[in-house]
Amino acid sequence: MNVKTVLVLLGLALATIFALVCVLLTRGRAPSTCQHLPVEQEDTEDGQSLVFADLTPEEMAQVVRYLQGNLGVQLVDASRAKPSDNCIASVDLQVPAKAEVLRFLDGGGARPAREALAVLYFGNQPDPNVTEYVVGPLPTPAYHRDVTVQKYGGKVPYHRRPVTGKEYMDINTLIRRELKKAPQFLTTCCESDGTDLAILTTAPRGFKSGDRTTWFVLFHNVAGTGYYLSPVGLEVLVEHRDLHASRWQLRKVFYNGRYFASTEDLEQEFLAHTLEVVRLKKPQVDAVLGSMRPRYPPDSLGPLQFEPQGPRYSVRGNRVTYQGWSITFGMNPNSGPRLFDIRYRGERIVYELSLQEALALYGSNCPGGMSTRYLDGSFGIGRFAYELVRGVDCPYTATYVDRHYLAESDTPKTNQNSLCIFEHDSALPLRRHFSDSQSFYYGGLRKNRLVIRTISTLVNYDYIWDFMFHGSGAMEVRVHATGYISTSFLHGQGTNYGNRVGPHTLGTMHFHHMHYKVDLDVDGQLNFLETQDMEYEIIKDPWSTQNTIERPYLRRKRLEREDEAAFPLNAPLPRYLSFASPNPNKWGHPRSYRIQIISFAGKHLPINSSMERSVSWGRYQLAVTQRKEEEPTSTSIYNQNDPWTPTVAFADFINNETITNEDLVAWISVGFLHVPHAEDVPNTVAVGNSVGFFLRPYNYFNEDPSVDSPGSVYFSSEQDTRACGANPLACLPSAAACAPHLPPFHFGGFLNVSLAPPFGGV
């Protein structure tokens, strides 16, 4: 064998060895794909949750077609309807009466008729008004009935209707037309001709019932950034009550602390050199306050949550099950997320848990800021819950669900992936103990929980709505606030109303208050309310009687009437407050669920305020009332534009009726005061801006139900902790040695967003 042949063979051998090494190394670096195990179905329900299901796009379209053909009046598509037209404003599910639902769910009764609630604006008739119809049965409507008087005790006046996107567009046209009358002023103050300024609405709209006069605030607008941080100091008051936009008028102009009758007057004062003008440079993209563009390239990848054996929850239609929990979920286009028929281990704990309203009330020395009291339900908390960004808004591997709505259009729209569901490891023990006395052992359980989340963008603010379900049988409700602060132009004594956060920007103080309805059915519909708190009693020590002891004791009280159970905002609550059943647990105590509120709300409006009754739910951090079908919600979308004669006044729900062994509802307010500061630029962070409440079992069980969790860990000093049989954590390296399947990133959340937002727009 010659040298050449040897060299060739040696080369082939080396190549073979190199290939084998590469294969081995590749195998070591590329774990197998995670294999999902089937989720155990904990119960069967034969589609019963569909009784609460949001309307499908097909059902919405059927309702629209029915109304167009059966009302005997011309209906204009709301997206282009003038105030003098008739139009369909919205279509949503008409939730059946509770008694009907329970007969169906629990008593084997007939399935309630599936119906829709349609809101119509009738502007083209002698007595313009808002009318609500129940339409059914779905999917093929055959009847409609007017329920307006039944619900509200009379007709809904037309001026109470929410402002539509078309109305805002017409207002914007008016404002831009008026701005053209002050060209030299705008060039000097703002380097603008007025067409590139953003216009933001305020609310409510006036000072008395019937008013429809709104302050609009103007901002520099830089594409791709939050214009809310760049006010130019100019605000205008528009009267837009008339049914014909041609008759609307600009009533007042505000600039830098002064008021003017018109933009012409403003221009004349400028030309006469009697106006103090603050010359603002048009913001540049790379220097504007509100930019969220990354300043540095991406860093190393952070921690990623994944499920090596697949999700431990199951989503079927509008129902999710998870380790003993069963929850039916949905979305009201106005008031936002709503849950029904919440059960744990097969027992219903909550019939309804729903957001009712979100109030933001501002202070400022500018007219727009000082008069703003946003009731976000009238704008659409559910409607503006857009697509969630996978990996930021929710875990990348969460389950994402589409939501559908019909509002201000005859065509249903879809906010895809706008609700997410996931199991969350909080990196904290739910319970644990390390024993170093008598015997040595460790016992613990990870604190995992199921999360149902949606996020609403209400112009500048983003509200993260969380509903969480723990292995201990507890429920947790949280709202986190982020997004942009709303600002005013800094002038005069502006810092009496907030902090300076930019060259000419005042971050205006405000508070956020949210209201929830919690229809608890604890071991049945009939419950009573019990409070427990501590007191001290001074006694002689019984073994010598020579000394005294301050002994704490438990003070129990049953609340008998609604007035007793209406707890004022910011007043001390009893530390333990429970919905209790007449039935005892094994130890003789009433089976109960405790309400625990986490809130640091601002001060409620003074009771003598002319608009206080429209938000009178805010008087109370907690109020417990008898449940009534005629009191389904604590507020109304019509309260925003007529808070002086509210369509629904929550204070009227509290009339000292008995709350002993009745079907009861807890109405819960949470909130926080926000004084904006430098760190709110460019965005308010969610850290520390989170409030909510817990519903916790209190003697409902005979022991902590999480003891039955298969995820519990226990080992003693006598066991080999490295053995899988003794310690499930020892199995983790092999069980989790797989690569999660990550779907490709996709985002289509801009599909239902127009360049003319429905709140004033640009």
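Colleague: How many cavities of 30 Å³ or more does a search of the whole structure find?
Modeller: Bearing in mind that this is a predicted model, the search finds eight cavities of 30 Å³ or more. The largest cavity holds about 270 Å³ of space.

Colleague: And which residues sit closest to the centre of the largest cavity?
Modeller: Its lining is made up of 23 residues, and those closest to the centre are Pro162, Asn334, Ser378, Arg383 and Glu408. As for strands, β1 (86–94) and β2 (115–122) each supply at least two residues of that lining.

Colleague: Switching to pockets, how much space lies in the second largest pocket?
Modeller: About 1600 Å³ of space lies in the second largest pocket, which is lined by 44 residues, with Arg312, Gln323, Glu423, Arg446 and Asn448 closest to its centre.

Colleague: Which elements give two or more residues to that pocket's lining?
Modeller: Those elements are the strands β18 (413–437) and β19 (439–458), together with the helix α9 (732–735). Of the elements, β18 gives the most to the lining of the second largest pocket, contributing six residues.

Colleague: New topic: what does the UniProt annotation say about Tyr461?
Modeller: The UniProt entry, which is unreviewed, annotates Tyr461 as a modified residue, 2',4',5'-topaquinone. In the model, Tyr461 is found in strand β20, which covers residues 461–470.

Colleague: Is Tyr461 buried or exposed?
Modeller: Tyr461 counts as buried, because its relative accessibility is 2% and the cut-off for buried is under 20%.

Colleague: So what is Tyr461 in contact with, leaving aside its neighbours within four places in sequence?
Modeller: With those neighbours left aside, Tyr461 is in contact with the histidines His510, His512 and His674, with the tyrosines Tyr362 and Tyr484, and also with Ser456, Ala481, Thr482, Ile485 and Thr684.

Colleague: One more thing, the sheet with β22, β23 and β24: in what order do its strands come?
Modeller: The three strands form an open sheet in the order β22-β24-β23, with antiparallel pairing. The edge strands are β22 (487–489) and β23 (498–502), each of which pairs on one side only, and the twist averages 40 degrees from one strand to the next.

Colleague: How many bridges join β23 to β24?
Modeller: Four bridges join β23 to β24, which spans residues 505–508, and the two strands run antiparallel. Across this pairing, Arg500 stands opposite Leu506 in β24.

Key: Residues are numbered from 1 along each chain as its sequence is written. This is a predicted model: local features need pLDDT of at least 70, side-chain atom pairs count only at pLDDT 80 or more; totals for chains, interfaces and linings use all residues. Side-chain values use heavy atoms; hydrogens and water are left out. Two strands pair if DSSP finds at least two bridges between them. Axes are lines fitted to C-alpha atoms, for helices over the stretch in contact, and angles run from 0 to 180 degrees between N-to-C directions. UniProt positions are given in the numbering used here, feature names are shortened, and annotations may be inferred rather than shown by experiment. Buried means under 20% relative accessible area, exposed over 50%, partly exposed in between (1.4 Å probe, protein chains only). Contact means heavy atoms within 4.5 Å. On a 1 Å grid over the protein atoms alone, a cavity is a set of points where a 1.4 Å probe fits but cannot get out, and a pocket is an open set with protein on both sides within 12 Å along at least five of seven lines; lining residues have an atom within 4 Å of a point. Grid points are joined across faces, edges and corners, and a volume is the space filled by probe spheres set on the points.
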